[in-house]
Amino acid sequence: MLNGYEVNKIGQREKEPELEKLFAENKNVYSFSKLNTIDNCLYEAYLAYIKHKKGIPNVYGCMGTEIHDTLEMIVHGERDESALVPAMNKELSDMEMLGIEFPKDRNGGDSIKDGWIANMEHFCKNFVKPKGKFITEKFLLLKIDDDHYLQGYCDLIKIVDKKNKIVSVYDWKTSSQFSSADLIHHGRQLVIYQMALEQLGYQVRECAWIMLKYCTVKYMGKKTVRSKEESLIEKVCERRKIIETLQSDIENKLTKLGYDELDIEVMLHNAKETNSFDTLPKEIQSQYKVLPYVRKYDVDEAAKNECLDYIKNTYQKWESIEEDEKNYPPRSFTRITKTEKESDDIFFCTNLCGYKDCPHLKKYLDTKENKSEEDDLF
């Protein structure tokens, strides 16, 4: 049977007997993060898994950790929802103390940080504990073959039908929306969870991400300008932009209720300032329902086969390399075009990689700095 709490009181994961046994038998045990590191940059993987060099944590690896832990305690009834805002503030304070910073926007400003805080603050203030029976931080082991295994911890598993072993799988995400191009990449983690549970004899009803920075707003409205009848609309919004996103529909509803143009302008201004329906008339408030954004991911046979191919291709590439530093090349530095301006695609190296002293990056940047202006003309 699935059993509950896999994390002890000081937040450290306990040693898993299954893992200890596999290590003792010299089996190859990978994690999803290790596979991604190998796929992203072989040199980073070399530093992390061959040299065992400790990297510097980045903001994307740190933010959300305290919130995840608090959500886990809320689900288990050990804390209530009021603990989320202090958890977020502690997380921001800890990152500041450690010198871990959000990346700057293209103008050198703090809009990325400010946006994340505004979205997450709205989530923390409005989160309601989900209904049902759940397991959190469940250790899962996926057997690929007799010598290769994949291990990980699933954020949230809902027990749909205990007798018939039916469950649903959810993953908390404090990141931004996944683009269509990146969906398969991000979806592999859910695919792995489902396949691991199926190996244990469970049926998985659905897999999904709970995207904390976003919400789903349900309301009756016209889907297009030319629509004659209203129907139920479900709109996904950034939490900090709920009123801004729905402004046109709210304005139409206020007009139908007979409010004049000046009153509507004032009400919309106040609502946008607070990003809340609370300042609007009761008859408007009652027409909107704000819910968590649960983004489902369809795990079919094609998704499973793609994921297994990715796992096998990645570990085969890793295991075929002779342990010499020269055999672990860095991530390529490419040129990307944005609004007719070329820039270097080194976001990963400067924001996501934990090895800021990477000699390959340093050499690349030094070479760039020493290039003359004429070099960029021809």
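1. A salt bridge here is a side-chain nitrogen of Lys or Arg within 4 Å of a carboxyl oxygen of Asp or Glu. By that rule, the structure has 20 of them.

2. Bear in mind that this is a predicted model, where local features need pLDDT of at least 70, side-chain atom pairs count only at pLDDT 80 or more, and totals for chains, interfaces and linings use all residues. Numbering runs from 1 along each chain as its sequence is written, and side-chain values use heavy atoms, with hydrogens and water left out.

3. Have a look at Lys90 and Glu66, whose closest N and O atoms sit 3.8 Å apart in a salt bridge. This one links distant parts of the chain, 24 residues apart: Lys90 is in helix α6 (residues 84-97) and Glu66 in helix α5 (residues 65-75); helices are DSSP runs (H or I, at least four residues), numbered from the N terminus.

4. Lys326 pairs with Asp324 at 3.1 Å, N to O. Lys326 is exposed at 67% relative accessible area, while Asp324, at 33%, is partly exposed (exposed is over 50%, buried under 20%, partly exposed in between, with a 1.4 Å probe and protein chains only). Elsewhere, shared partners join Glu66, Lys90 and Asp94 into one salt-bridge network.

5. Glu238 and Arg240 form another salt bridge, with closest N and O atoms 2.9 Å apart. Arg240 is partly exposed, at 33% relative accessible area.

Definitions and conventions. Helix = DSSP H or I, 4+ residues; strand = E, 2+ residues; numbered from the N terminus.
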